[in-house]
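Here are my notes on the model you sent over.

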Amino acid sequence: MGTDDFLPIWVVFDKDDFEDFDQAIKDGSKRGYTIAWSNQAFEYWLYLHFYYGDSALHKEQWNEKMDEIFRQYNLGNGTYQKNYEDIYEMVNVYDGVNTAIKNAKRRMAEFCPGREQPSEFDPGTTVYQLVEELKRYLDE
């Protein structure tokens, strides 16, 4: 088995209010991890399953938007919670995963690595890269 046969190790995190966000991305990449990040919050990635958005909002505002969506689509118990075991199925209503990938790619097309730090690109997410990788196995 060659080194190309090993799967990458993914590290997924969001910025929240942490000051070392960019450094964490750099350090993880230097260590050989593949990083999937969201700025400002992971909920931005979830929001993209339903709508495109490019407004810089705080994590609490993204949570409020997810609450609205869960009420509107009657998901879960009508309110957003991070710990739903079947969150993937919930947000995949109406082909949400493919919608989120498309929306994230559209947003990230404006990101200029080298000129901008991930912490400066708000909102933004690269979680779609991990999901595309996982979908290769889920769609088999």
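The points below go through the model one region at a time.

1. Ground rules. This is a predicted model, with local features needing pLDDT of at least 70, side-chain atom pairs counting only at pLDDT 80 or more, and totals for chains, interfaces and linings using all residues. Residues are numbered from 1 along each chain as its sequence is written, and side-chain values use heavy atoms, with hydrogens and water left out.

2. Helix H3. H3 has 14 residues and reaches 20 Å from its first C-alpha to its last, close to the expected 20 Å. That expected span is 1.5 Å times one less than the number of residues.

3. The buried residues of H3 are Trp62, Met66, Ile69 and Phe70. They sit on the same side of H3 because they cover an arc of only 95 degrees around the axis, the arc being that of the directions from the helix axis to the C-beta atoms. On the other side of H3, Arg71 and Gln72 are exposed. For the labels, buried means under 20% relative accessible area, exposed means over 50%, and partly exposed is in between, with a 1.4 Å probe and protein chains only. The cover over the buried residues of H3 includes helix H2 (42-47) and H4; contact here means heavy atoms within 4.5 Å.

4. Positive phi at two non-glycines. Just after H3, Asn74 takes a positive phi of about 55 degrees, although Asn74 is not a glycine. Asn74 lies in the loop between H3 and H4 and counts as exposed because its relative accessibility is 62%. Asp95 is not a glycine either, and has a positive phi of about 60 degrees. Asp95 is found in the loop between H4 and H5, and its 44% relative accessibility makes it partly exposed.

5. Cis peptide bonds. Take a look at the bond from Asn39 to Gln40, which is cis with omega near 25 degrees. Gln40 lies in the loop between strand S2 (34-39) and H2. There is also a cis peptide bond joining Asp122 and Pro123, with omega about 5 degrees. Pro123 lies in the loop between helix H5 (96-108) and strand S3 (124-125).

6. Side chains of opposite charge can pair when their charged atoms come close. Which side chain meets Glu132 in a salt bridge? Lys105 does, at 2.6 Å, N to O. The rule is a side-chain nitrogen of Lys or Arg within 4 Å of a carboxyl oxygen of Asp or Glu. The pair links distant parts of the chain, with Lys105 in helix H5 and Glu132 in helix H6, 27 residues apart. Lys105 counts as partly exposed at 41% relative accessibility, and Glu132 is partly exposed at 30%.

7. More on Glu132. The helix that holds Glu132, H6, spans residues 127-138. Glu132 touches Ile101 and Lys105, leaving out residues up to four places away in sequence. Glu132 and Ile101 are 31 residues apart in sequence, and their C-alpha atoms are 7.7 Å apart in space.

8. Other salt bridges. How many salt bridges does the rule give? The count comes to four. Among them, Arg107 and Glu110 meet at 3.2 Å, N to O. Arg107 counts as buried at 7% relative accessibility, whereas Glu110 is partly exposed at 45%. Glu133 and Arg136 also meet in a salt bridge, at 2.9 Å, N to O. Both lie in helix H6, three residues apart, about one turn of the helix.

9. A nonpolar surface patch. Tyr88, Leu134 and Leu138 form a nonpolar patch on the surface, with about 290 Å² of accessible area together. Patches are made of residues with over 30% relative accessible area and no salt bridge, joining like charges within 9 Å and nonpolar side chains (Val, Leu, Ile, Met, Phe, Trp, Tyr) within 5 Å. The areas come from the Shrake-Rupley method with a 1.4 Å probe, and for residues only the protein chains shown count as cover. Tyr88 lies in helix H4 (residues 87-91) and counts as partly exposed at 35% relative accessibility.

Conventions:
Helices (H or I, at least four residues) and strands (E, at least two) are DSSP runs, numbered from the N terminus.
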